[in-house]
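This report describes one protein chain. Please have the viewer ready and follow the residues as they come up.

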Amino acid sequence: NPRNWPHKQLASLVREGDTINYGVVQPGDNEEGGVPLVRVGDLLEGRVNHRSLKRIAAIIESSYKRSRLRGDEILVSCVGSIGVVALADESVTGFNIARAVARIPLAETTSRVFMAAYLKSNFVQRYFTNELRTVSQPTLNIKQLSETKVLLPPIGLQQEFARRITAVEKLKSKYRSSLAELDTLFAVLQHRAFRGE
């Protein structure tokens, strides 16, 4: 920290009146038409993948209002695959999270994109690994997550970092699409070649 930026605990950056917390402990069976539940496997490439979301009964979900998503949180996996980080967005507003996922509702004084990238850094990931509790499977509890020390550059630098990361993510998404199209084209050409066309 050559610039002597302040260190703070993650919990101190949460919006007023909210907390870092887990979600639904016993979601029950999949309920058609129920409330979508975000699980660890749904956290892909920094976002929530909607393809295989489980749905839970509204009566079960209503007991977990504290973990209901507003669409502006950072999500972190805390059981099994530790430290997978994703940003919630408006597409998950009203969804809930599973017990294996923690929700971090940051105050607007900290950039979500910056903090998500910081939580993915090798430094923080090593901290998570060192703090694991293993019973039947690796678990990072809320206390350890809340006590994670984060380095806070000025908000202007955080926002500039977020702009650059967002631009890079857009490029990566574009190239992933192009790569998928090339893979499809290659498969078609390969199939035709084997048929002698």
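Buried means under 20% relative accessible area, exposed means over 50%, and partly exposed lies in between, with a 1.4 Å probe and protein chains only. Buried residues make up 41% of the 197 residues in the chain. The model is predicted: local features need pLDDT of at least 70, side-chain atom pairs count only at pLDDT 80 or more, and totals for chains, interfaces and linings use all residues. Residues are numbered from 1 along each chain as its sequence is written, and side-chain values use heavy atoms, with hydrogens and water left out.

## Overall layout

The chain has five helices and 13 strands. Both are DSSP runs numbered from the N terminus: helices are H or I with at least four residues, strands are E with at least two. The C-alpha atoms fill a box of roughly 65 × 50 × 35 Å along the principal axes.

Contact means heavy atoms within 4.5 Å. Take the contacts between residues at least 6 apart in sequence: 75% of them join residues at least 24 apart.

The chain exposes about 11,700 Å², and carbon and sulfur atoms supply 53% of that area. Areas come from the Shrake-Rupley method with a 1.4 Å probe; for residues, only the protein chains shown count as cover.

Lys and Arg count as positive, Asp and Glu as negative; His and the chain ends are not counted. Each charge is placed at NZ of Lys, CZ of Arg, CG of Asp or CD of Glu. The mean positions of the 28 positive and 20 negative charges are 5 Å apart.

## Nonpolar cores

A nonpolar core is a set of buried Ala, Val, Leu, Ile, Met, Phe, Trp, Tyr and Cys residues joined through side-chain atoms within 4.5 Å. In soluble globular proteins, nonpolar side chains tend to be buried together.

The largest core holds 29 residues; L10, I74, I104, M115, L119, F128 and L145 touch the most other members. Elements giving two or more residues to this core are β7 (74–77), β8 (85–87), β10 (101–104), α2 (112–120), α3, α4 (142–146) and β13 (149–151). Helix α2 gives the most, with six residues. A second, separate core of 15 residues includes L43, A88, V92 and F95.

Beyond four places in sequence, F128 contacts V76, I82, G83, L119, L140, L145 and T148. Q125 lies in helix α3 (residues 122–130). Q125 and N141 are 16 residues apart in sequence and 14 Å apart in space, C-alpha to C-alpha.

## A buried asparagine

N21 sits in strand β2 (residues 21–22). Is N21 buried or exposed? N21 counts as buried because its relative accessibility is 5%. A polar contact is a pair of N or O atoms within 3.5 Å; within protein, one must be able to donate a hydrogen and the other to accept it, and residues adjacent in sequence count only if both atoms are side-chain atoms. N21 has these:

| Group of N21 | Partner | Distance |
|---|---|---|
| N21 side chain | R103 side chain | 2.7 Å |

Leaving aside neighbours within four places, N21 is in contact with R66, S67, I97, V101, A102, R103 and I142.

## Positive phi

Most residues other than glycine have a negative phi. N4 has a positive phi, near 55°. N4 lies in the segment before β1 (7–9) and is exposed, at 66% relative accessible area. E45 has a positive phi near 50°. E45 is in the loop between β4 (43–44) and β5 (47–48) and is exposed, at 59%.
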